[in-house]
Amino acid sequence: GLLNADVLIYRARSPVTLDAESRDAAIAECRRLNPLRIDGVARVLDMDTNQGTLSLIVEFVDGERLDSLIRRGGVEPHHAAAIARQLVNSVSELHRHQVAHGGLSPASIVVSSDGRPSIVDLGTAPLRRLLRRANRRSGESTASAADADSRSTRDLQQEDIRALGDVLQSVLRAAATSGDSRTDRMLTALRAAADRASRGSESGFDDIQQLSAAVNEATKPRS
């Protein structure tokens, strides 16, 4: 239950007044995301719309943010491939459930001490859309905000593919050279697949799954 779990709370920076329709939409979105149990995705636990605040409560994942790991560099090839494979699998599973993240970046991913990446802010993109909707109704809208709010799930899923490609390009640039020509060739191919995905190619997305598994196997420490 919620009281027995470590949680992370995302809260709107300023007070917001939600009308009944927006409040109901927030609750409905939380209820849609709450049942999801996806490996590598922190659970959405609850949403609080009381007292002029809008807060999203999610499962806490202990570890280092991916953007920090990338800045440090020297990521082992096996680790880079494992991160790629897990993130692709997690995003693929979200899409299979007709859910899009809509704001994926290295800052939205935490890597645990055992090297497993988790997407930790699922639900914050819908929260931002609800805030834009509330702002529009209070006369503070912009055309770009209105356009963003009207995007379909399919559009947001395409955005996820491009964003994941960008994330993996950053991870792979931080990967150390393996010293093994076969592994380095696969890493080069994996970078090319990430580049295709960053330009919205679904074939690039599929290639990342296959190549990251191959690199992961080739670079796995042998006992």
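Predicted model: local features only at pLDDT ≥ 70, side-chain atom pairs only at ≥ 80, totals over all residues.
Helices, in the sense used here, are DSSP runs of at least four residues, numbered from the N terminus.

Among the contacts between residues at least 6 apart in sequence, 71% join residues at least 24 apart.

Three of the strands form an open sheet in the order S4-S5-S6, and their pairing is antiparallel. Strands S4 and S6 are the edge strands of this sheet, each of them pairing on one side only. Between S5 and S6 the antiparallel pairing extends over 3 bridges, and within this part of the sheet Val110 stands opposite Ser118 in S6. Helix H3 packs on the sheet, where it touches both S5 and S6, and the direction of H3 makes about 30° with that of S6.

| Element | Residues |
|---|---|
| Strand S4 | 64–65 |
| Strand S5 | 109–111 |
| Strand S6 | 117–119 |
| Helix H3 | 77–96 |

Helix H3 has 20 residues and reaches 28 Å from its first C-alpha to its last, which is close to the 28 Å expected at 1.5 Å a residue. Its buried residues include Pro77, Ala80, Ile83, Leu87, Val91 and His95. The buried residues of H3 pack against S5 and S6, and also against helices H2, H6, H7 and H8, which span residues 66–72, 153–173, 181–198 and 202–218 respectively.

Ser90 is one of the residues found in helix H3. Why is Ser90 classed as buried? Its relative accessible area is 1%, and a residue counts as buried when that value is under 20%, so Ser90 belongs to the buried class. When its neighbours within four places in sequence are left aside, Ser90 is in contact with Ile38, Asp39, Gly40, Val41 and Ile119.

Methods: Residues numbered from 1 in each chain as written. Heavy atoms only, no water. Pairing = 2+ DSSP bridges. Helix = DSSP H or I, 4+ residues; strand = E, 2+ residues; numbered from the N terminus. Contact = heavy atoms within 4.5 Å. Axes fitted to C-alpha atoms, helices over the stretch in contact; angles between N-to-C directions. Buried < 20%, exposed > 50% of the residue type's maximum accessible area, 1.4 Å probe, protein only. Expected span 1.5 Å × (residues − 1).
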